[in-house]
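My notes follow in the order I made them.

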Amino acid sequence: MSAIIVRGIKLPSNEDKLTIHFQKQKNKGGDVDSIIFPLKADQPDAAVVIFDEEETADSVLLMDQIFNGKKLSVKKEHRVFCKCTMTFDHRSLERLLNDDTNIEDIMEEIKQKVPDVHIKNSKSSGLIMSASSWYHVERVKELVQGMHGKVDDAPTAACSTPSSCRKQPDKKVSKSLTSVDSKSSNETVKEEIATPNRVEIKKKMEEENISFIADRDVMTFLLEFKAKEIGEIKRKNHVEMEYKNSSTDSLRITFTQTNDGSSSRCKTAREQLVQLFDKVQNLDHFQHEVTEVKNFQTNFNQNMSLIAAINSAREYYCQVYIGHKSDPHQPTVSFISVYKLQAEYAMKWFVNIFSRFKQLKATPIDVNIYGFIKQTKPMILLTFEREASARIVEVEDEDLFAVILLPQEQVDDIQMQSHVQRFDKMMKDGEKNTVFWNCQLEVGGDMRAEDITDHIELFQIEHKDIFLRRSKRPGSKRVTFTGNNLDILKEAATKLNRVFK
């Protein structure tokens, strides 16, 4: 078993939500044995999470943990596994007793509220509480003090914990706190307390009011499938949202007011976005699955096979968000859906189709040549698919382009290789027998890449004798024209440039 201590939990929350969060594979979690939450009465935003496996706590520490839009402070915890005892002497307990209360009643109430604590009533010593967790014993202490009503006059208790389990002092010291009494000795636990100046505190408060750290996958899911709701939040509050990477798994959404908005609207928009997150994730059939691509090799063929499998899963499960996190050693693919079992089915589909694509060859070709042939002579490709009994799967990764021939019936390796060679020859013949002219148009101004793509699609409908393509590199606005008549390309480029301006 292993454990972590978590601080900075955004309230309100509960044990179930924390359990779900730390059991997710996406969060590097594992099976949760139990959770102590809240940690103490004066620490309502802290918890101890106990895992079944020894390595899970170390795994959780490898990444930022974002819970309810807030980054958690997470540290490994050892004291939870130390046997602790606490004794309340009879004289102190007599203050709690009246005509309606006796020792057995107190013991019963403690057992109900803190079932992990073992209680023994000793005539010579008093009530002896023992538990495998220092935090459970602390909870009993607070419970007994609460029974009395006044903490200052509450019954006192002696706690015993092995010295190896106590928190070790920090090297930097700014404040001293007295630890619980030990049978062997008293120790002073020293803890560094940050004291930021007022300007820093004000700046931090302002940032928290207009920013929200969100799970990257869930936020992308909302932008894709809940665009209307997010648009309403922006429109009603007169704000814009800016998305920046906070970590590999999270985004920081910053709210800025428009000309007719106010600073208070930014905070309102932030709260409404948080509520939308909670609403979606609390739906009965909300499902967030993550699979790691095992034994992944960083080469062109496997990279293209991975993208082809993701695209195939998106095509068949259009109501499921499918996200991809690149990693040269072990990439991960995420699946989110609000429809029952759809994310699970999409994940199984992806795993199966990726195993098929890995066994096939991804053939790199010039995207402009292929696009021009597909645009002007589509029957060539359709005839090839029919004769080869294979589907041409197009795969694009920024400016890299390849095709994978997916057999529609059982074929051996020799037949498959023959089809690939035939397709490659068909592309080379198309390049050799046609005069291709490429001219590139750099689009300036504030026009977004998505708007450029929309204009190109409309323009392409009217000009079927040329092929237009925008570079897929992030943020690029470069447009490439391909055809066999230079004058037509120049005319098209001039015409499209006027549209952009």
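How many helices and strands are there in the protein chain? I counted 16 helices and 24 strands, taking helices (H or I, at least four residues) and strands (E, at least two) as DSSP runs numbered from the N terminus.

Ground rules before going on. This is a predicted model, so local features need pLDDT of at least 70 and side-chain atom pairs count only at pLDDT 80 or more, while totals for chains, interfaces and linings use all residues. Residues are numbered from 1 along each chain as its sequence is written, and side-chain values use heavy atoms, with hydrogens and water left out.

**Overall numbers**

I looked up burial for the protein chain: of its 501 residues, 43% count as buried. Buried means under 20% relative accessible area, exposed over 50%, and partly exposed in between (1.4 Å probe, protein chains only). Then contacts, meaning heavy atoms within 4.5 Å. Among those between residues at least 6 apart in sequence, 66% join residues at least 24 apart.

**Cores**

Which residues touch the most other members of the largest nonpolar core? They are Phe335, Phe350, Phe357, Tyr370 and Phe423, out of 47 residues in that core. Elements giving two or more residues to this core include helix H10 (300-316), strand E18 (332-337), helix H11 (342-358) and helix H14 (413-433). A nonpolar core here is a set of buried Ala, Val, Leu, Ile, Met, Phe, Trp, Tyr and Cys residues joined through side-chain atoms within 4.5 Å. I also found a second, separate core of 24 residues, with Phe221, Ile233, Cys266 and Leu276 among them. As background, nonpolar side chains in soluble globular proteins tend to be buried together.

I checked the contacts of Tyr370, leaving out residues up to four places away in sequence: Leu381, Ile392, Phe401 and Phe423 are among them.

**Helix H13**

In H13 (residues 378-388), I found Leu381, Phe384 and Ala388 buried. They sit on the same side of H13, because they cover an arc of only 60 degrees around the axis (the arc being that of the directions from the helix axis to the C-beta atoms). The face turned away from that buried side carries exposed Met379 and Arg386. Just after H13, Ser389 takes a positive phi of about 50 degrees.

**Aromatic pairs**

I counted eight aromatic pairs. The rule: rings of Phe, Tyr and Trp (its six-membered ring) pair if their centres lie within 6.5 Å, with planes under 30 degrees apart counted as stacked, over 60 as edge-to-face and the rest as tilted. Tyr317 and Trp349 are edge-to-face, at 6.4 Å centre to centre and 65 degrees between the planes. Tyr317 lies in the loop between H10 and strand E17 (321-325) and Trp349 in H11, so this pair ties together parts 32 residues apart in sequence. Tyr317 is buried at 19% relative accessibility; Trp349 is partly exposed at 29%.

Phe335 and Phe350 make a tilted pair, 6.0 Å centre to centre with 55 degrees between the planes. Phe335 has a relative accessible area of 0% and Phe350 comes in at 3%.

**The E2-E3 loop**

Where is Ala46? I found it in the loop between strand E2 (32-36) and strand E3 (47-51). Ala46 is buried at 1% relative accessibility. Leaving out residues up to four places away in sequence, its contacts include Val6, Ile9, Phe37 and Pro38. Pro38 is in this loop too, and a cis peptide bond joins Phe37 and Pro38, with omega about -5 degrees.

**Strand E13**

Five of the five residues of E13 (residues 211-215) are buried, so the strand is largely enclosed by the rest of the structure. E13 pairs with strand E15 (residues 250-257) in the antiparallel sense over five bridges; pairing takes at least two DSSP bridges. I noted Ile213 opposite Arg252 in E15.

His238 lies in the loop between helix H8 (227-237) and strand E14 (239-245).
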